[in-house]
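Here's a quick look around a structure for someone meeting it for the first time.

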Amino acid sequence: MGVKVVPRHGSSLKDKLYIPGIAAGMKTTFKHFVKNLKDTSNLRTTQYPEVQPDDITDRYRGVHRLTKREDDSVKCVACYMCATACPAECIEIEAEERFDGQDEKMPKKFTIDLLECVYCGYCVTACPCDAIRMDTGIFSFTGKTREEFVVDKDYLLNNERSKDFNDD
Amino acid sequence: MSSASIIVVIVNILLAVVLAVGTTPIMVWWERRVAGFIQDRTGPNRCSIYGFRLGGLIQSFADMLKLVFKEDFSPSHVKYKFFYTIAPAIVFFCSFLTFAVIPFADTLVIDGFEYTMQAIPTELGIMWFLAYAGLATYGIILGGYSSNSKFGLLSSVRAAAQVVSYEAAMGLSIISMLVTYGTIHLSDMVAFQGGIIEFFNYEGTSIGLPAWGIIMQPLAALIFIVTAFAEANRAPFDIAEGESEIVAGYHTEYSAMRFGLFQVGEYAAMSASSAIIVTLFFGGYHIPWVDTETIQSNIYVVFGVIAVSLVFMTFVLTKWMKKNYSWADENDSRAREGKILVKAFWMMTGAVCLVLILFIVTGLGTNGINIATAVIQIGTFLVKFFMMSLVFIWVRWTLLRFRYDQLQMLGWKVLLPLAILNIFITATVVVVFGS
């Protein structure tokens, strides 16, 4: 078996004096300090609310949206597949009969409690009609009351696919 | 007492109070912003009053307000409430009192009366500093011990061991300085440093380096600075705090303003250490190569130089602000704040320059010249003081904390023998060549 001898540092006079090492370290930190002080755009911090992140991938699971047919009517057929698949039980659907000839059923009420949702994407996988998607790219949803986080069908229908994402 | 003497005393005490306590928010702000810049991040810059962020300075005041208004909670397992309560006060007061002996300017002469520019014109000098700097650690020891928790106790033991091993080296390094200066009075020490180490004499003017402590006694300066870091409980010697091993050490069980007092005490200790280092080794209030008489006899030239350099500094500052303190959106509060601050800086510079020009035109009496010299020297002291504080901060964000055994090794086996050796060398030089 080969034995690898790892050299032990800190026994040379230079290391024991501490001063050269400390001076080298302080030089490094000072260089960073001066560089950032001269031009604060060198800082790595993103000034978040004003500067939004631009590195959200196409597969990012954001807030949900309900897709539409060509005639702008809701694609969902209220099959309850997503609500069944949901591990957080945050989707609530109420079905009604559909009379416009497109299909037999459509959701009368489709609410998602975003506080309950774990953003797992199972509802998207479960959907047989590609009616629910999580490609809005919305990563921060804020509100002042719990009720504001229960989003309804209109909100979900009005959500668009994120413009930063590539087209399908 | 004349009204002039009362004013001088009040100014001195105010200076000591402001430098010891009032600078804490500024130090915290510096600490966090410098730390941020060293680590390529911004540090706090969000807190604002009417859109005024002052580069994040407001955050310190917000934090202070928060600490003041927080619930003063003391855990039920604290048995000795009295000691638990006075511990932060001891830390705070001792660090604060250390400032009392720092000379801010040369002896001020008004109408023939001499005023020592110290908050407490005591005869003890450096002994006062040693006494109170050492005593501040007792607050830490007491706080940790009376917290009645394992972390607090461990921290107390560490602080006690550290103060024992570093106080010795510190005292010995000061002894070599006493031998060099031949006095224990800080004002005499600083007066001594106004001189020049003569290399050669050119037509009656001596040319050489200023007789600063660090140039005459580099080894003592190094030992003193290292031990001062340990004394102020700053990184790399903050093993008493040791948040990676013992949570927060002595202030684990403290909250609200009691914790705040510990924090203020820590920064006051840092300020006091910077002030004493500047006083002992960096010429105190002296501008290098320019002693008090030179300023007094060339006061109008000095005024001119100050006015020009002020305008230049404001120009550099505003240029920097236009580049780094602006915001793309014109209507944003940040853009507005930047513009207002630039205007305010120029107005302040203009006002100071106007006053200086007025002085140059009308001329000053003897009292006026003396007071102006004192103000200039206080300014010099402040610049040096803040630079030294910056070094404290800079070191904190560069060096790692010493391991406990390494710390003791360094204290007993390196610093103490070096300090004793330095005393021998200094004494020999003084005896052979005269002081």
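## Two chains, side by side

In chain B, 41% of the 435 residues are buried. Keep in mind that this is a predicted model. For chain A, the buried share is 17% of its 168 residues.

So what about overall form? Let's start with chain B. Its radius of gyration is 23 Å, which agrees with the value near 22 Å that a compact globule of 435 residues would have.

Chain A is another story. A compact globule of 168 residues would come in near 15 Å, but the radius of gyration here is 27 Å. Along the principal axes, the C-alpha trace of chain A spans about 90 × 55 × 35 Å.

Chain A has five helices and five strands, and going along the sequence they come in the order α-α-β-α-β-β-α-β-β-α. Chain B, for its part, has 14 helices and four strands.

How do contacts reach along the sequence? The table takes contacts between residues at least 6 apart in sequence and gives the share that join residues at least 24 apart.

| Chain | Share of these contacts joining residues at least 24 apart |
|---|---|
| Chain A | 69% |
| Chain B | 78% |

Conventions: Residues are numbered from 1 along each chain as its sequence is written. Chains are lettered from A and ligands numbered from 1 in the order in which they are written. This is a predicted model: local features need pLDDT of at least 70, side-chain atom pairs count only at pLDDT 80 or more; totals for chains, interfaces and linings use all residues. Helices (H or I, at least four residues) and strands (E, at least two) are DSSP runs, numbered from the N terminus. The radius of gyration is taken over C-alpha atoms; the globule rule is 2.2 Å times the number of residues to the power 0.38. A residue is buried if 20 or more other C-beta atoms lie within 10 Å of its own, exposed if 12 or fewer, and partly exposed in between; C-beta atoms are placed from the backbone. Two residues are in contact if their C-beta atoms, placed from the backbone, lie within 7 Å.
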